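I opened this entry to keep track of what I looked up, in the order I looked it up. The sequence and structure go in here before the notes.

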Amino acid sequence: MPTVPVQTPGGSYDVVIEPGALASLGERARELVPHAQAAVINDESIEYTHGLAAARSIRDAGYDATIAIMPQGESNKTLGTFRDLCEVLLNARIERGAPVFAIGGGITGDVAGFVASAYLRGVPFINCPTTLLSMVDASVGGKTGVNVPQGKNLLGAFWQPSLVLIDPQTLTTLPPRELRAGLAECVKHGMIRDPDLFAWIEAHADKLLALDEPAMVELLERNVRIKAAVVEADEREAGVRAHLNFGHTFAHAIEAGTNYTVFKHGEAVSLGMVAATHLAVALDMCDASVLDRLVALLDKLEQPTQAPLPSPIALVDVMRLDKKVKGGKMRLVLPTRIGEVIIRDDAGYAAIVDAWGELKPPA
């Protein structure tokens with residue numbers, strides 16, 4: 001089974017991709033982070049399935065494990081939840097050097113990683129993602145954080161894990177909508193860096209939607225290798241790592257503008273990629289065929305390419321609060337072709353408003 005090494009100034013670790021690996025989580029962790037104690041932050045939605053299995057593995061490996069529950073949903077990715085989780089660790093007197101495990105999706109991993117980065121000024125972090133979106137994106141790279149009323153992920157830290165363990169079998173309990181939303185992030189990786197991956201997803205869409213295990217393992221490995229290469233080149237997003245934000249400035253505005261209650265993150269990314277590509281075509285940066293292929297693939301993966309949204313003017317106002325704004329200018333990642341993107345900060349207000357308008361469904 002594939003293992004992808006990640007090497008950054010903030011820490012080096014392996015991403016292990018192996019069906020059934022959840023059962024060996026504790027044993028693998030103890031080899032890297034031996035300690036008497038551990039804190040396990042379980043996603044509420046998988047507490048009685050993968051959460052119990054993970055806790056059993058961790059305790060069988062000799063850890064005295066304190067379990068904390070991460071409330072489900074983007075609306076709980078807050079400073080209040082961060083504080084509550086820290087209090088669980090403090091009340092259990094978790095010591096420095098004890099690992100924090102995250103079992104769940106990207107929201108759980110982001111918040112648990114932030115807890116690990118801040119608790120006693122930093123303790124080891126082990127991530128076991130159980131959603132496709134978190135496996136291919138959020139679990140790799142060390143970004144942690146929470147949302148605030150002003151926007152998404154505006155408070156957080158870079159904190160690299162000691163281990164990422166991906167068990168594709170956990171995807172069998174994932175709601176179909178969550179699986180499809182994760183596939184949108186895989187399309188993003190193809191759009192920004194790997195036209196062969198994009199074409200491979202086009203050819204294997206049916207197998208991926210059916211959770212064919214060999215196809216899923218290959219998808220995971222290819223995406224993790226792309227994410228790892230980008231992170232190794234630019235750990236703290238000073239340059240090329242910003243390319244991973246393709247579609248995300250639009251997506252974060254969609255999520256904030258709809259109070260994080262309407263769209264899954266991957267669905268918002270799908271819409272955001274379409275809006276960004278509409279903008280690139282309007283700016284004569286890429287051929288319209290790029291947009292056509294992108295929309296066709298997202299449609300095949302049952303991801304939204306049009307949707308009723310707040311007014312374009314309101315969404316642009318939200319975009320201006322994005323953490324990637326610099327000198328008052330919105331820095332947008334836009335495609336030049338499938339497999340290549342660049343950063344532009346001169347798109348202009350009217351052109352961005354028009355790109356939002358392209359997402360409006362026909363009357």
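**Hairpin**

I started at the pairing of strand β10 (residues 332-337) with strand β11 (residues 340-344): the two run antiparallel and are joined by five bridges. This is a predicted model, and I read everything below as such. Looking along the strands, I found Leu332 opposite Arg344 in β11. I then checked the turn of the hairpin of β10 and β11, which has two residues between the strands. There Gly339 takes a positive phi near 105°.

**Positive phi outside glycine**

I next looked up residues other than glycine with positive phi. Arg121 has a phi near 65°, and I placed this residue in the loop between α4 and β6. Its relative accessible area is 79%, so I noted Arg121 as exposed. Asp284 has a phi near 60°, again positive in a residue other than glycine. I located Asp284 in the loop between α10 (265-282) and α11 (288-300). With a relative accessible area of 71%, Asp284 is exposed.

**Aromatic pairs**

How many aromatic pairs are there? I count three aromatic pairs. Tyr63 and Phe101 make an edge-to-face pair, with 5.9 Å from centre to centre and 80° between the planes. This pair links distant parts of the chain, 38 residues apart: Tyr63 is in the loop between α2 (47-60) and β4 (64-70), and Phe101 is in strand β5 (residues 100-104).

Phe82 belongs to helix α3 (residues 79-91) and Phe114 to helix α4, 32 residues apart, and the pair links distant parts of the chain. Both Phe82 and Phe114 are buried.

I returned to Tyr63 to look for a charge over the ring. The charged end of Arg30 sits over the ring of Tyr63, at 4.3 Å from its centre.

**Cavities**

I searched the whole structure and found three cavities of 30 Å³ or more. The largest share, four residues, comes from α9. By class, I sorted the lining of the largest cavity into six nonpolar, four polar and three charged residues.

The second largest cavity holds about 60 Å³ of space. I list 13 residues in its lining, with Phe125, Asn127, Ala138, Ser139 and Lys143 nearest its centre. Two or more residues of this lining come from each of α4 (106-118), β6 (125-129) and β7 (143-148). By class, the lining of the second largest cavity has five nonpolar, six polar and two charged residues.

Notes
Residues are numbered from 1 along each chain as its sequence is written. This is a predicted model: local features need pLDDT of at least 70, side-chain atom pairs count only at pLDDT 80 or more; totals for chains, interfaces and linings use all residues. Side-chain values use heavy atoms; hydrogens and water are left out. On a 1 Å grid over the protein atoms alone, a cavity is a set of points where a 1.4 Å probe fits but cannot get out, and a pocket is an open set with protein on both sides within 12 Å along at least five of seven lines; lining residues have an atom within 4 Å of a point. Grid points are joined across faces, edges and corners, and a volume is the space filled by probe spheres set on the points. Ala, Val, Leu, Ile, Met, Phe, Trp, Tyr, Cys and Pro count as nonpolar, Asp, Glu, Lys and Arg as charged, and the others, Gly among them, as polar. Rings of Phe, Tyr and Trp (its six-membered ring) pair if their centres lie within 6.5 Å; planes under 30 degrees apart count as stacked, over 60 as edge-to-face and the rest as tilted. Buried means under 20% relative accessible area, exposed over 50%, partly exposed in between (1.4 Å probe, protein chains only). A charge sits over a ring if NZ of Lys or CZ of Arg is within 6 Å of the ring centre and within 35 degrees of the ring normal. Two strands pair if DSSP finds at least two bridges between them.
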